[in-house]
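Notebook open, structure loaded. I want to jot down what I looked up, one topic at a time.

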Amino acid sequence: MGSVPASWRFDAIGTTWEIVTERPLPAAVRKEVTALVDAFDHTWSRFRPDSDVSALARAGGSIPAPSDAAPMLDALAAVSEATDGAVNPLVGASLGARGYDGDYSLHDAGPVAAPVDWRGRLTWRGGRLALTEPATIDVGALGKGRLVDRVLEILSRAESGDLTVDAGGDLAVRGRPQRIGLEHPFDPRRAIGVWEVTDAALCASAINRRAWPSATGTALHHVLDARTGEPVRTIAATWAVASDVMTADAVATALFFDGGPRVAHDWAVEWVRMTTDGRVEWSPGCRADLFVRTDSVGR
């Protein structure tokens, strides 16, 4: 990358984005990226009352299937199966019940399990995205990763040099290798390791992000077990490296559950995760440089 790379920062879909390129992006490219992000948000955000998934949540029925429906829901179905239903694309109402709702009320009304029979309620074949009855679709397990992949497609057509897309910790790197610190989930001033990424994606998830108190004063966060509506209490943070961002994002979510390592193996994804009691686990052949001394990774 040149000596003075160009950085474009903006806020969208509830996070801060930074796109770093060798040269400033043309206005037309920025406009195309902005339009894509807006369209994705208008389709999939359960936080927007005017979105397509909000309309389906109110009334059910069907709409023309968005172009992202099959890639995302096919992957979510595979992760759901690998995690024995802990990941569920109809977990939106469960998250809303705990306070992570369209108004960001953070008012906890208690646990609500997602529909076990979600496959019978939600379909995305034949050119239609359909619900047999009102339900809240949530693609948070991998949706941001999918959007980063699509932004990267636009940028790759316009920028032949090095580039990095960082959407709040979900990163795509093209060109020169990037060394990325793995933030300690209990102390953001520290890292548990460094991962050098080249022409690949790294996604992270942690329970110290999007966290708030429950009705009883215990800590809630955004990673729920859809089978119970309760937040995960055993895994504190996950990191995954894959060839594309959606896959890395999906695996980073799956790693909060027992089936995560299996789906990572099936998809050839390297990973690291940290348990809430401070232990660090990683995949066979993982190339992250981990600081595994007790005084480095312990809580």
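My entries below cover a strand and its partners, one histidine, and the aromatic pairs.

**Ground rules.** I am working from a predicted model, where local features need pLDDT of at least 70, side-chain atom pairs count only at pLDDT 80 or more, and totals for chains, interfaces and linings use all residues. Residues are numbered from 1 along each chain as its sequence is written, and side-chain values use heavy atoms, with hydrogens and water left out.

**Strand 15.** I started with residues 235-242, which make up strand 15. Strands here are DSSP runs of E with at least two residues, helices are runs of H or I with at least four, and both are numbered from the N terminus. I found eight of the eight residues in strand 15 buried; buried means under 20% relative accessible area, exposed over 50%, and partly exposed in between, with a 1.4 Å probe and protein chains only.

Next I checked its neighbours, counting two strands as paired if DSSP finds at least two bridges between them. Strand 10 (residues 200-206) runs antiparallel to strand 15, with six bridges, and Ala204 sits opposite Trp239. Strand 16 (residues 270-275) is also antiparallel to strand 15 and joined to it by six bridges; there I noted Trp271 as the bridge partner of Ala240.

**His221.** I found this residue in strand 12 (residues 219-221). His221 counts as buried because its relative accessibility is 3%. What does its side chain reach? I looked for polar contacts (N or O atom pairs within 3.5 Å, one able to donate a hydrogen and the other to accept it within protein; residues adjacent in sequence count only if both atoms are side-chain atoms). A polar side-chain atom of His221 lies 3.1 Å from the backbone nitrogen of Val223, and one lies 2.8 Å from the backbone oxygen of Val232. Leaving out residues up to four places away in sequence, His221 touches several others, among them Arg209, Trp212 and Pro231, with contact meaning heavy atoms within 4.5 Å.

**Aromatic pairs.** I count six in the structure. Rings of Phe, Tyr and Trp (its six-membered ring) pair if their centres lie within 6.5 Å; planes under 30 degrees apart are stacked, over 60 edge-to-face, the rest tilted. Phe10 and Trp17 are stacked, at 5.6 Å centre to centre and 15 degrees between planes. Trp17 is buried because its relative accessibility is 0%. Phe47 and Tyr104 have centres 4.8 Å apart and planes at 0 degrees, so I logged them as stacked too. Phe47 lies in the loop between helix 1 (27-44) and helix 2 (52-59), and Tyr104 in the loop between helix 4 (92-97) and helix 5 (118-121), so this pair ties together parts 57 residues apart in sequence.
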